[in-house]
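Good morning, colleagues. Please take a moment to look at the sequence and the model on the screen before I describe them.

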Amino acid sequence: MSDPLRRIDALVEEDTLPAPKVRRQLRLAAGLTQAEVADAIGVQRVAVARWEAGLTQPHRGNRLKYAHLLRRLAAKHPDSLEGAPDEG
């Protein structure tokens with residue numbers, strides 16, 4: 001695979017988000033509030049609530065931060081993903 005294709009794959013993979021239900025499960029497994037997640041990403045708490053409800057999706061910059069946070073939480077709390085859908 002050429003370098004441009006690898007860069008494209010990396011972009012797609014780094015901002016892929018799990019299903020809204022999984023986002024909430026990961027946050028709860030980590031013992032975090034929506035406000036704490038929002039503060040870490042730099043958005044209002046209501047934005048996180050909407051993302052977890054599947055009502056809206058984060059914009060590109062916030063999506064990258066949110067996806068990174070969720071990947072870290074998934075690595076730290078793999079048991080919270082049992083029986084959860086793959087993508088959202």
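Predicted model: local features only at pLDDT ≥ 70, side-chain atom pairs only at ≥ 80, totals over all residues.

I begin with a definition: a residue is buried when its relative accessible area is under 20%, exposed when that area is over 50%, and partly exposed in between, with a 1.4 Å probe and protein chains only.

Residues are numbered from 1 along each chain as its sequence is written, and side-chain values use heavy atoms, with hydrogens and water left out.

The protein chain holds five helices and zero strands. Here helices (H or I, at least four residues) and strands (E, at least two) are DSSP runs, numbered from the N terminus. Contact means heavy atoms within 4.5 Å. Of the contacts in the chain with a separation of 6 or more, 70% are between residues 24 or more positions apart.

Let us turn to helix 5. It covers residues 60-76, which is 17 residues, and spans 24 Å from its first C-alpha to its last, close to the 24 Å expected; the expected span is 1.5 Å times one less than the number of residues. Which residues of helix 5 are buried? They are Arg 63, Tyr 66, Ala 67, Leu 69, Leu 70, Leu 73 and Ala 74. Viewed down the axis of helix 5, these buried residues fall within an arc of 165°, so they line one face of the helix. The arc is taken from the directions from the helix axis to the C-beta atoms. The face turned away from the buried side carries the exposed residues Arg 72, Ala 75 and Lys 76.

Within helix 5 lies Tyr 66, which counts as buried at 1% relative accessibility. Leaving aside residues up to four places away in sequence, Tyr 66 touches Leu 17, Arg 23, Val 37, Ile 41, Trp 51, Glu 52 and Pro 58. Leu 17 is 49 residues from Tyr 66 along the chain, and their C-alpha atoms are separated by 8.0 Å.

Finally, I come to a pair of helices. Where do helix 2 and helix 4 meet? Pro 20, Lys 21, Arg 23, Arg 24 and Arg 27 in helix 2 meet Trp 51, Glu 52 and Ala 53 in helix 4.
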